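Colleague: I would like to go through the labels on this model and hear what each one rests on. Please show it first.

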Amino acid sequence: MTKWRMAGLCLALILASGSTELQAQARPAVFDATRLAVPRDLDDGWLAQPGDSASYAEPGFDDSTWAAFDLHRSLSAFLHGAHPPIVWYRVRLRVDPAQTGIALREETLARAFEIYVNGERLMASGQVAPLRPYTYNAPILVRIPDRMVATGHLVVAVRAGIAKEEWGLEFPGLSTGNLTLGPDGALADKDWLEVIGENFGSMVDSVTTVALGLVALALFLSQRRHREYLWIFGLGMVSLAELPVRVISLFHNIPIGWRFLNAGFTIFLPFLTAAMYFAFVSVRIGRKFRVFLWIAGLLNAYSNLANQGLLPNLPGSYGLLTNLLFVALLAAVIPIVLGVHLRRGNREAGILLIPAIAFSLYIYANYALALLFNIPGWSAAARRGLNLIQRFPAGPFAISLNDVSGILSTIALSIIMVLRASRTSRVQAQLEGELEAAREVQQVILPEQIELVPGFAIESVYVPAQQVGGDFFQIVPIAGGGLLLVIGDVAGKGLPAAMLVSVVVGAIRATAEFTHNPQEILASLNERLLGRSRGGFSTALAAYFSPDGFVEIANAGHLSPYIDGQELDLEGALPLGILSRSAFPVRRVLLPEGSRVTFYSDGVVEAQNGEGELFGFDRSQKIATHPATEIAAAAKHFGQSDDITVVAITRTTPVAIHVAA
């Protein structure tokens, strides 16, 4: 019996020794960071425990009952499907006491966490309890105090608050690559390279879209009929509104609510995108399709939030269906519409089709690879394919095909604007040439130097509002003494008015060859202008100054003249070019020696200042006896808005009339 007891005791000691050894093997070893020349991920030696207690952060806390946790394993599987709101992690590090400048780097750990080193909180994002989640894409770098490193041992404790949405991710909570230890300079350089490299393409796309939008706004303000410029501006403003949150979130974790704000802007993307492309090909968006676009916008915003884990998403590949309407618009509807109008000869549709096809290929590839990812045996290949189209390495940069298509779209729109600007410049140059020719013609037909007429002193001033104008006047000396004045205003401005003025002046010259009767002059002009003014009209006044001092005046809707500062009352009549065989009554008045008659165009009376006040009839009458140049200058200084014409005729010494025997 004694032998059997001794054998049993030995067996018990052996088993106990084996159990202790197994437990020791199950416990993770201390992470060796004594040779820390380059940054190292803290991927080994972790313990994990659900629940919450402030004592878990203390370096001397007894964590012997905690289970070892492999960061390459999903936390959900580790906890057997349980989803606690808070999980703690601990790891022990051995460091070189003589090393300085060691830093801890965190990225994408959780939406709310705290990190303690030797019991001191060095890093935090969001609020763990009660949970207030933040974004988690920005890298956080904190230097570990040298006094802690000098002890040779560090205990890192992580308190992670895990939201319900995060449990739907593949690796909720702490996982491999979330924490890195290394020299602070090397880690800072790595962060800058990653931030710039991974976001270079998207930032170039956003900045160029904003810049193009501002250019499009300037074009729209000068060319209101081109509504495509307005939609380009709208897309640029959506990018501008999203940009601050995107830039800040690269360097700082921010409240989740900011992401919801940014997602709200994406609601407008389907409508603005469709409106822009359809405007280029002159396709109208109907009411039903408009409803489709706004529904697509709402689903687009939801999809963006769901992909970030902020809202529930459909399981597996079904999550791709959430944004299917917007995808169908971009990858099917728009390329087809552009292709159809390219075949109809729309060159701009062909230019826009290039980035549209590039983006369609990206969408098709993205969807196909996402489906393959859920097929056993294809997940690794699908992951490589997704990395290729979303993070294609180009030197220090990671370029996405999505960013490439966006930049191509901006380039395509810029090319169209340049081509349009070039075409507009050619048209403008041609128009300016025509205006210059019209101005030269008008200078010929409107007298700059008045022929001397015995017995009369004549002053005239003509100030067009543009290069060419619609005012006209002709002073024709009459054989045997006297003169004929015809003054008027063609409705409109610019080149069309100038061309009509040339017709009127030609008709005056031709009619004056056989009559100087004001009534006959206006009647002839009226018949000549019928059907030529395109629905407009022309005002005119004809006055014949006879050598004996009498003046015969007929008016066709023009301003009455002033005799020695007093308005002459004339019987009204219709303007020229409205009604055939209109009557133009004549009034005959005596103009004594030294008396002055002043004729205005409506550009004098209708001169308008900055407050909207008109120069008016009262001011016009007060200065009617002033020199013509002063009258025109006063109206122009007040605020010229139309052509200004002033003609003043003063009767001087009477002329003896010689009658042939």
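Colleague: Which residues form the nonpolar patch on the surface, and what makes it a patch?

Modeller: This is a predicted model. The patch consists of Trp192, Ile196, Phe200, Val247 and Phe251, which together have about 460 Å² of accessible area. A patch residue needs over 30% relative accessible area, and nonpolar side chains are joined within 5 Å, so these five names are grouped as one patch.

Colleague: Which elements give two or more residues to the nonpolar patch?

Modeller: They are α4 (184-222) and α5 (227-251). Helix α4 supplies the largest share, 3 residues. Phe200 is located in α4.

Colleague: How do you know that α9 and α10 pack, and at what angle?

Modeller: In general, a packed pair of helices is described by the angle and the distance between the axes. For α9 (residues 324-343) and α10 (residues 347-373), the angle is about 150 degrees and the axes are 9 Å apart. Their crossing is left-handed.

Colleague: Which residues of α9 and α10 meet?

Modeller: Contact means heavy atoms within 4.5 Å. Among the residues that meet are Leu324, Val327 and Leu330 in α9, and Phe359, Ile363 and Tyr367 in α10. By class, this contact has 16 nonpolar, 4 polar and no charged residues.

Colleague: What makes the bond between Ala129 and Pro130 a cis peptide bond?

Modeller: Its omega is about -10 degrees, and the bond is cis. Pro130 sits in the loop between β8 (120-125) and β9 (140-143).

Definitions and conventions. Residues numbered from 1 in each chain as written. Predicted model: local features only at pLDDT ≥ 70, side-chain atom pairs only at ≥ 80, totals over all residues. Heavy atoms only, no water. Axes fitted to C-alpha atoms, helices over the stretch in contact; angles between N-to-C directions. Helix = DSSP H or I, 4+ residues; strand = E, 2+ residues; numbered from the N terminus. Left-handed = near helix turned anticlockwise from the far one by under 90°. Nonpolar A, V, L, I, M, F, W, Y, C, P; charged D, E, K, R; others polar. Patch = residues over 30% accessible without salt bridge, like charges linked within 9 Å, V, L, I, M, F, W, Y side chains within 5 Å. Areas by Shrake-Rupley, 256 points an atom, 1.4 Å probe, with all protein chains shown as cover. Salt bridge = Lys/Arg side-chain N within 4 Å of Asp/Glu carboxyl O.
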